[in-house]
Amino acid sequence: MRVLGVDPGLTRCGVGVVEGVAGRPLTMIGVGVVRTPADADLGHRLVAVEQGIERWLDEHRPEFVAVERVFSQHNVRTVMGTAQASAVAMLCAARRGIPVALHTPSEVKAAVTGSGRADKAQVGAMVTRLLRLSAPPKPADAADALALAICHIWRAPAQNRLQQAVARHTATTPATATTPAPKGRTA
């Protein structure tokens, strides 16, 4: 499985491609950051993020795209930029028919380090170790993108089995009809 991880951001959008399957050593295919100038017009920044992600999709041909799920922050301006960059990544993947998975920051940290409260240094250290790199990817956005891809590779098989089980259960469970109580009586 080849996954493009995207750590969304308007100034720095981390991107990283990891290949492998759960239970086997993983391989980093590429890592980087799509950058936009902070003083540029928002529309131009979003186009630059789109063009950068499109280049990564063209070059690496991932089977899945894993994007960090936007969560509430105190700084509304920051969360808006993150949400906008996230939407661009999802749009680029959807346009190509590539499935997109969203993973929360704590889910990614827990998958990679064993703790949903790990800091950026711990995530970078574990990404370095798991991918057998000589040094942590810089900046942290790049390491976070690789962590997203690793998380997806490790969690996708279990999530797929759960979805299939729910689908089978839903298909075999007859719908239960409710009969209204006769008029004049209460249940």
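This is a predicted model: local features need pLDDT of at least 70, side-chain atom pairs count only at pLDDT 80 or more; totals for chains, interfaces and linings use all residues.

Reader: What is the order of the strands in the open sheet?

Author: Strands of a sheet pair through backbone hydrogen bonds, either parallel or antiparallel. Helices (H or I, at least four residues) and strands (E, at least two) are DSSP runs, numbered from the N terminus; two strands pair if DSSP finds at least two bridges between them. Here five strands form an open sheet in the order β3-β2-β1-β4-β5, with mixed pairing. Because β3 (27-35) and β5 each have a single partner strand, they stand at the edges, and one side of each is left without a neighbour in the sheet. On average, neighbouring strands of this sheet are turned by 20° against each other, direction ignored. For such angles, axes are lines fitted to C-alpha atoms, for helices over the stretch in contact, and angles run from 0 to 180 degrees between N-to-C directions.

Reader: Which strands pair with β4?

Author: Strand β1 (residues 2-7) pairs with β4 in the parallel sense over four bridges, and L4 has V65 as its bridge partner in β4. On the β5 (residues 100-103) side, four bridges again join parallel strands. There V65 stands opposite V100, and A66 has A101 as its bridge partner. Buried means under 20% relative accessible area, exposed over 50%, and partly exposed in between (1.4 Å probe, protein chains only). Strand β4 (residues 64-68) is largely enclosed by the rest of the structure, because four of its five residues are buried.

Reader: Which strands does α1 lie across?

Author: Helix α1 lies across β1, β2, β3 and β4, and runs at about 160° to β3. H60 belongs to this helix (residues 42-60) and counts as buried, at 7% relative accessibility. Contact means heavy atoms within 4.5 Å. Not counting residues up to four places away in sequence, H60 touches R2, V17, I29 and G30.

Reader: How many residues does the largest nonpolar core have?

Author: In soluble globular proteins, nonpolar side chains tend to be buried together. A nonpolar core is a set of buried Ala, Val, Leu, Ile, Met, Phe, Trp, Tyr and Cys residues joined through side-chain atoms within 4.5 Å. The largest here has 18 residues, and V18, V127, L131 and I150 have the most contacts inside it. The elements giving two or more residues to this core are α3 (105-113), α4 (120-130) and α5 (140-172), with α5 supplying the largest share, seven residues. A second, separate core of 17 residues includes V49, L57, C92 and I98.

Reader: Where is V18, and what is in contact with V18?

Author: V18 sits in strand β2 (residues 12-19) and is buried, with a relative accessible area of 0%. Leaving aside neighbours within four places in sequence, its contacts include M1, L26, L131, L146 and I150.

Reader: How many disulfides does the count come to?

Author: A disulfide is a covalent bond between the sulfur atoms of two cysteines. By the rule used here, a pair of cysteine sulfur atoms within 2.5 Å, the count comes to zero. For C13, the nearest cysteine sulfur is that of C92, 9.4 Å away. C13 counts as buried at 0% relative accessibility, and C151 is buried at 0% too.

Notes. Residues are numbered from 1 along each chain as its sequence is written. Side-chain values use heavy atoms; hydrogens and water are left out.
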